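Q: I have a model open and would like to go through its local geometry. Can we take it piece by piece?

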Amino acid sequence: SMQNETSVTEFILLGLSSNPALQLCLFGIFCVFYSSTLMGNALVFVLICLDYRLHSPMYFFLCHLSILDICYASNNVPHMLRNLLGQGRTISFAGCGTQMHLYLIFALTECVLLAVMSYDRYMAICDPLRYALIMNQRVCLTLAAVSWAFRFLFGTLQASLALHLPFCGPCEVDYYFCEILAVLKLACTNTTANKVLIFSVCVCFLLFPLALILISYLHILATILRIRSVAGWHRKFSTCSSHLTVVGLFYGNAIFMYMWPGSGNSSVREKVLSLFYSLVSPSLNPLIYSLRNKLVKEALLKFQRRK
């Protein structure tokens with residue numbers, strides 16, 4: 001056992017399927033989603049930078065969300081595409097640790113960033129007179145920096161504790177990337193403490209931010225219901241609906257994966273949900289915001305005319 005523990009230098013990612021025909025089909029589908037993720041989020045980032053009308057707190061945080069989605073997908077998808085082509089089923093111990101570390105950082109950051117965006121919508125709708133005063137540039141930069149810094153701390157802690165466990169061969173990860181629960185199953189020791197820590201972090205960075213989001217939108221709903229104009233209703237709801245859609249997609253999948261009873265079994269259902277969570281959702285985010293946001297659509301038309 002000790003010999004196996006010291007000889008583990010790489011992991012084998014079993015991926016989604018061993019059927020060559022299905023792998024080729026999935027490769028084509030995932031390439032389309034990954035390309036749309038890169039192009040869509042990059043386009044949103046460029047539009048926000050170029051159009052002065054989008055230089056507001058709401059679009060500042062949306063810009064960070066676009067950067068986050070690009071990093072999030074790029075951490076897992078390229079290696080998965082190599083796996084589907086049969087060229088990269090193995091990953092080094094250091095590479096696996098890096099992938100796990102970055103995945104945790106990006107996921108935890110997005111949890112808090114979505115909560116910050118809901119607070120921005122709360123201030124804009126419920127207290128518009130003080131919105132510009134409270135959500136100034138300094139506050140926005142501080143909230144964005146805190147979102148990244150604290151998530152880096154907790155992501156690093158979880159990844160370090162997982163990688164310091166003793167592993168025994170054969171180290172076959174029943175997943176398409178180094179997901180932390182799938183890697184913990186390969187440890188030669190009791191991992192209860194690690195799983196308790198993961199659950200605790202989920203409570204802090206999934207349930208608590210989600211509760212803040214729900215409270216913010218309850219206040220927003222109460223404010224909107226006091227508006228007598230139908231046009232005012234439509235304008236306020238259209239501003240919030242895109243963010244609520246993204247919140248539902250992200251938090252719903254995340255809670256099911258890490259807090260639902262029986263999570264971490266690497267079942268086909270969990271792999272599909274994880275795929276939706278790390279590939280499909282980042283590709284849909286720019287589509288949701290651009291199609292449901294008048295200023296973004298106008299900025300896109302202006303950019304096309306300039307080109």
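**Threonine 9 and onward**

A: Start with threonine 9, which sits in the loop between α1 (2–7) and β1 (10–13). Keep in mind that this is a predicted model.

Q: Is threonine 9 buried or exposed?

A: Threonine 9 is exposed, with a relative accessible area of 54%.

Q: And what does threonine 9 touch, not counting residues up to four places away in sequence?

A: Threonine 9 touches Ser92 and Phe93.

Q: Moving to aromatics. How many aromatic pairs does the count come to?

A: The count comes to eleven aromatic pairs. In one of them, phenylalanine 93 with phenylalanine 167, the ring centres are 6.1 Å apart and the planes are at 70°. Planes over 60 degrees apart count as edge-to-face, so this pair is edge-to-face.

Q: Where do phenylalanine 93 and phenylalanine 167 lie?

A: Phenylalanine 93 is in helix α4 (residues 93–126), and phenylalanine 167 is in the loop between α6 (137–163) and β3 (172–173). The pair therefore ties together parts that are 74 residues apart in sequence.

Q: What is the relative accessibility of phenylalanine 167, and what is the relative accessible area of phenylalanine 93?

A: Phenylalanine 167 has 3% and counts as buried. Phenylalanine 93 has 25% and is partly exposed.

Q: Which residues form an aromatic cluster?

A: Tyr72, Tyr103, Tyr175, Tyr176 and Phe177 form one.

Q: What about the largest nonpolar core, how many residues has it?

A: It has 88 residues. Those with the most contacts inside the core are Phe11, Leu114, Phe167, Ile180, Tyr251 and Tyr258. Helix α4 gives the most to this core, with 18 residues.

Q: Helices next. What span does α3 reach?

A: Helix α3 (residues 57–84) has 28 residues and reaches 40 Å from its first C-alpha to its last, close to the 40 Å expected at 1.5 Å a residue.

Q: Where does the kink in α3 lie?

A: The kink, of about 35°, lies at serine 74, shortly before proline 78. Just after α3, glycine 86 takes a positive phi of about 75°.

Q: How many residues of α3 are buried?

A: In α3, 21 of the 28 residues are buried, so the helix is largely enclosed by the rest of the structure.

Q: And α8, what should its residues span?

A: The 34 residues of α8 (residues 192–225) should span 50 Å at 1.5 Å a residue, and the end C-alpha atoms are 47 Å apart, which agrees. There is also a kink of about 30° in α8, centred on valine 203.

Q: Which residues does the UniProt annotation "transmembrane region" cover?

A: The annotation, from an unreviewed UniProt entry, covers residues 20–50, 57–75, 100–119, 139–157, 196–225, 237–260 and 272–291. In the model, residues 20–50 are 100% helix, with end C-alpha atoms 45 Å apart. Residues 57–75 are also 100% helix, and their end C-alpha atoms lie 27 Å apart.

Q: Last one: where is cysteine 31 found?

A: Cysteine 31 is in helix α2 (residues 20–50). At 23% relative accessibility, cysteine 31 counts as partly exposed. The C-alpha atoms of cysteine 31 and valine 77 are separated by 8.8 Å, and the two residues are 46 residues apart along the chain.

Conventions
Residues numbered from 1 in each chain as written. Predicted model: local features only at pLDDT ≥ 70, side-chain atom pairs only at ≥ 80, totals over all residues. Heavy atoms only, no water. Phe/Tyr/Trp six-rings, centres within 6.5 Å; stacked < 30°, edge-to-face > 60°. Helix = DSSP H or I, 4+ residues; strand = E, 2+ residues; numbered from the N terminus. Buried < 20%, exposed > 50% of the residue type's maximum accessible area, 1.4 Å probe, protein only. Expected span 1.5 Å × (residues − 1). Bend = angle between axes of the 7 residues up to and from the residue. Core = buried A, V, L, I, M, F, W, Y, C linked by side-chain atoms within 4.5 Å. UniProt positions renumbered as here; feature names shortened; annotations may be inferred. Contact = heavy atoms within 4.5 Å.
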